[in-house]
Amino acid sequence: MKKLFLASAFALGLLVTSCASLTTKGGMGVLYTGVSEGEAVTANTLGKKVGTAEITNILGLVTTGDASIQTAAKNAGITRISHIDCKKTSVIGVYGKYTVYVYGD
Amino acid sequence: MKKFLVLATLLCCMPAVRAFDPSKQLVIQTFPEGTVVFVNPSEMAAVKGTSTQRDMQYDVTANTLSDSVSFTCTVYTGQPLNADSAYLRTPASVHASAIELIYCEPKSNGWISRVRFYISASRLSSLLTVQTAPHIVFGATPDAPAFTLSDKKWDERRRVLSIMLEVLRQNNRQNR
């Protein structure tokens, strides 16, 4: 019974691994991923305001949030966007987070 | 099998037990005119007995072109936030700053307000020498939304904000 329980727990762990993974330009780390990437750039001069918005994923079962550019810009009162970066975090594929950073004035 | 499960459990706990690294909380951008430093969003706990509904999220932005540091905050209240000033209260002083409203809209059973206020870098620097966490209060009424930090969280915030101010000082020095 104990062996059956442990085997089931192990199988469940394998099942949910990588469910919360993200893709990056440098590929994904099996154990941990923490990268910052550029998303977009405009012709506007580099802004001095910064707005963020994020999405989180837990075990690939629940994904919530709002990482839209509109929300990130709205959070900082940005009306003229200069560029957009993002940060992606994943821990053994069971926890993932995507954060967008909008810069502008 | 048992050893494998123990190892897997320890591996999963690794991210949680890493020592706090203040520099990981900062995003630094350099542009031709100067440097922008952004402190990632964090939370301040709501003070019980005030009109706020939940903890406040806030982030901090500063740049080398201005002496002011901006705090942009998300406040959840039962009614639309009716305040024109934010007060930073320590045991020894009170500092008032005018509030700039970014937006105010209904959410769930209440209202969400996104506001910004400014504090000078020198004033912030002196505030960071205080051991006790300050209270941030939006408005002057007795039940005005108020927020603070635990001693441990305040200590972490002091380290992050001190590094932010040092980045500004160093990059201001380079631009002269």
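## Leu59(A): a loop residue

Leu59(A) sits in the loop that joins β2 (49–58) to β3 (62–65) of chain A. This is a predicted model. The backbone of Leu59(A) takes a positive phi of about 60 degrees, although the residue is not a glycine.

## Ser108(B): a loop residue

Ser108(B) lies in the loop between β6 (94–107) and β7 (110–120) of chain B. Its phi is positive, about 50 degrees, and Ser108(B) is not a glycine. Ser108(B) has 9 other C-beta atoms within 10 Å, so it is exposed.

Chain B holds three helices and nine strands. Along the sequence, their order is α-β-β-β-β-β-β-β-α-β-β-α.

The chain has 176 residues, and 30% of them count as buried. Now the contacts. Take those in chain B with a separation of 6 or more: 59% of them join residues 24 or more positions apart.

## Chain A: confidence

The mean pLDDT of chain A is 85. In this chain, 83% of the residues score at least 70.

Which element of chain A has the lowest mean pLDDT, and which the highest? Helix α1 (residues 2–16) of chain A has the lowest, at 61. Helix α2 (residues 69–76) of chain A has the highest, at 96.

Terms used:
Residues numbered from 1 in each chain as written. Chains lettered and ligands numbered in written order. Predicted model: local features only at pLDDT ≥ 70, side-chain atom pairs only at ≥ 80, totals over all residues. Helix = DSSP H or I, 4+ residues; strand = E, 2+ residues; numbered from the N terminus. Buried ≥ 20, exposed ≤ 12 C-beta atoms within 10 Å, placed from the backbone. Contact = placed C-beta atoms within 7 Å. pLDDT = per-residue confidence, 0-100.
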